[in-house]
Amino acid sequence: MLSPERLALPDYEYLAQRHVLTYMEDAVCQLLENREDISQYGIARFFTEYFNSVCQGTHILFREFSFIQATPHNRASFLRAFWRCFRTVGKNGDLLTMREYHCLLQLLCPDFPLELTQKAARIVLMDDAMDCLMSFSDFLFAFQIQFYYSEFLDNVAVIYQDLLSGKNPNTVIVPTSSSGQHYQRPALGEAGMLEGVEASLFYQCLENLCDRHKYSCPPPALVKEILSNVQKLTFYGFLVALSKHHGINQALGALPDKGDLMHDPAMDEELDRLLAQVPGLVNATSEASCLPSRTSSRVGSPWRPLHHSRKVDTESDGSTEETDESET
């Protein structure tokens, strides 16, 4: 039975909304690149497995950045894969630097741009140095907003700068999503000193922007809810509010609620099954767990090995206060 959404849209519009052509083109390219191997088990089986992987969200693993950001489904799949692969970082209470999180992202996407990781870290760290430590939950929810809504946030930065400079909302030029440009984020010191912009004027401009970004912006009703609770706000205050909003996380549908972030029974069961097949590994793991935990001193360096991460209470609420308390 067809969904109401499918019945309400013409065929061409539905296919465009679901980016079917993007996946068909990618499948054909892979078919041509691997035709000798694929010929051994048939083209029909290849297409079946390819689109099964698209539905399961595993098609983005180890792919180039241009592909993982190509569609909303790809972005959501990448976010879910990152969470499932590295949630043990949060489960163990490890705190990592921006560059360490970037290394984890590159394990799934070798050419993942450092700029996006830096922007996500800035949402968490605000005025702190970029080599400060962050909890997994802090970084993950900030990264979700920055990665999924990247173009929207770049355009929001332009609007914010215009309002900050005193432009009338009616004269603010709302950027288009097709510009393909990356905009400079507002300086934290300047935004803090001027105490932000009027929330009502900010929303007036963002409402027009949301109309142009139907499939790449947060739900307008939720944006209005955030801005209606304050009179003024800064650019990064807005980003923090987006990253912590329960409704926006639900609307995105890529990550579980914060309380369930460390729980993934299906993955745990699969890992236990795989570990049980490795002789001697279970005993070695049990013995290692009996050893006293070791914490490292804070090192003021842009890079530290992953195994030198500091531990924190896994029951933390993931707020920026937690990140600040990690410094000495």
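Modeller: Leaving aside its neighbours within four places in sequence, phenylalanine 238 is in contact with Val156, Phe202, Leu206, Val223, Ile226, Leu227 and Leu233, where contact means heavy atoms within 4.5 Å. The model is a predicted one, so local features need pLDDT of at least 70 and side-chain atom pairs count only at pLDDT 80 or more, while totals for chains, interfaces and linings use all residues. Residues are numbered from 1 along each chain as its sequence is written, and side-chain values use heavy atoms, with hydrogens and water left out.

Phenylalanine 238 lies in helix 15, residues 235–244; helices (H or I, at least four residues) and strands (E, at least two) are DSSP runs numbered from the N terminus. With a relative accessibility of 0%, phenylalanine 238 counts as buried. Buried means under 20% relative accessible area, exposed over 50%, and partly exposed in between, with a 1.4 Å probe and protein chains only.

Another partner is phenylalanine 202, which, apart from neighbours within four places in sequence, touches Val156, Ile159, Tyr160, Leu163, Val197, Leu227, Leu233 and Phe238. Both phenylalanines are among the residues with the most contacts inside the largest nonpolar core, a list that also includes Phe78, Phe82 and Phe112; this core has 79 residues. Helix 10 (residues 136–148) gives the largest share of this core, 9 residues. A nonpolar core is a set of buried Ala, Val, Leu, Ile, Met, Phe, Trp, Tyr and Cys residues joined through side-chain atoms within 4.5 Å. In soluble globular proteins, nonpolar side chains tend to be buried together.

Helix 10 also packs against helix 9 (residues 114–125): their axes come within 8 Å and cross at roughly 125 degrees. Such axes are lines fitted to C-alpha atoms, for helices over the stretch in contact, and angles run from 0 to 180 degrees between N-to-C directions. Helix 9 and helix 10 are therefore oblique to each other, since angles under 35 degrees count as roughly parallel, over 145 as roughly antiparallel, 65 to 115 as roughly perpendicular and the rest as oblique. On the helix 9 side, the contact includes Leu116, Ala120 and Val124, and on the helix 10 side, Phe139, Phe143 and Phe147. By class, the residues of this contact are 9 nonpolar, 2 polar and 2 charged. Here Ala, Val, Leu, Ile, Met, Phe, Trp, Tyr, Cys and Pro count as nonpolar, Asp, Glu, Lys and Arg as charged, and the others, Gly among them, as polar.

Phe78 and Phe82 belong to helix 7, where, with Ala81, Cys85, Phe86 and Val89, they meet Tyr101, Leu104, Leu105, Leu107 and Leu108 of helix 8. This contact has 11 nonpolar, no polar and no charged residues. Helix 7 (residues 72–91) and helix 8 (residues 98–108) pack at about 125 degrees, with their axes 10 Å apart, and are therefore oblique to each other. In helix 8, the buried residues are Met98, Glu100, Tyr101, His102, Leu104, Leu105 and Leu108. Their cover includes helix 7, helix 9 and helix 10.

For contrast, phenylalanine 62 is exposed, with a relative accessible area of 58%, in the loop between helix 5 (43–56) and helix 6 (65–68). Over the chain of 328 residues, 44% are buried.
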